[in-house]
Amino acid sequence: MEVLVRQEGAGDAPAGSSEGHLHLAASWQRDAPPPPADPARLVLQLRSLRGLSSVRRQVGEFLRTSLPPALGDGVVDDAVDSAVLVIDEMTSNALRHGRPPSDLHIGDEPGRWTVVVTDAAPDLVPVPAVNRPAGAGGYGLYVITDLTASHGVHYERDRKMVWATVLKPDGP
């Protein structure tokens, strides 16, 4: 799967420009509670980066079963691959830059999945890369921004909640 990162919502700033990155980086700097959602249908505890391959497998199976087979394998595969990429970025960030315990919650609702990743580091704010050379890393938050309908971070006294809504593909 090829992923192209667009910079929608960056006003008149060209994609990949410093101004575009600053605009998108700002979207991760304000407190925004997750949208109301049905109770999570999949909840996984995140223990280590090594364990993320198992998490990706479980998430992929869960997402696949929440889509109607009538969509066709190609549509289902693309939707699941994009959502797993977002979830992988979110979970690996929690393990790399947060503090345990970390959990993944996925809600399955009509038309969308709501993904919430929690960790015990409300004092550690997500910091997207700005003016970093390509290939130097740190652009995962932009991938999340690009592949989701909405995203944000919410702080509570003892935890941080990084969330995103991923749209499901339309019916056949």
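Good morning. A residue is called partly exposed when its relative accessible area falls between the buried limit, under 20%, and the exposed limit, over 50%. A40 has a relative accessibility of 35%, and therefore counts as partly exposed.

The mean pLDDT of the protein chain is 86, with 84% of the residues at 70 or more. Residues 1–15 require caution, as their pLDDT stays under 50. The model does show 23 contacts beyond four places in sequence for that stretch. However, where pLDDT is low, predicted coordinates should not be read in detail.

Turning to the architecture, the chain has four helices and five strands. Their order from the N terminus is α-β-α-α-β-β-α-β-β. Of the 172 residues, 42% are buried. Among contacts with a separation of 6 or more, 66% join residues 24 or more positions apart. The chain exposes about 9,100 Å², of which carbon and sulfur atoms supply 53%.

Let us now consider helix α2, residues 52–65. Which residues of α2 are buried? They are L52, V55, V59, G60, F62 and L63. These residues cover an arc of only 165° around the axis, which means that they lie on the same side of α2. The face turned away from that buried side carries R57, E61 and T65, which are exposed. The cover over the buried residues includes β1, α3, β2 and β3.

This brings me to the largest nonpolar core, which has 32 residues. V59, L63, M90, L104 and I106 are those with the most contacts inside it. At least two residues of this core come from each of β1, α2, α3, β2, β3, α4, β4 and β5. The largest share, nine residues, is supplied by α3. As for V59, its contacts beyond four places in sequence are with L42, L44, V84, I87, L104 and I106.

Finally, I return to A40. This residue sits in the loop between α1 and β1. What does A40 touch, not counting residues up to four places away in sequence? Its contacts are H105, I106 and G107. A40 and H105 are 65 residues apart in sequence, yet their C-alpha atoms are 5.5 Å apart in space. Thank you for your attention.

Note on methods
Residues numbered from 1 in each chain as written. Predicted model: local features only at pLDDT ≥ 70, side-chain atom pairs only at ≥ 80, totals over all residues. Heavy atoms only, no water. Buried < 20%, exposed > 50% of the residue type's maximum accessible area, 1.4 Å probe, protein only. Contact = heavy atoms within 4.5 Å. pLDDT = per-residue confidence, 0-100. Arc of directions from axis to C-beta. Core = buried A, V, L, I, M, F, W, Y, C linked by side-chain atoms within 4.5 Å. Areas by Shrake-Rupley, 256 points an atom, 1.4 Å probe, with all protein chains shown as cover.
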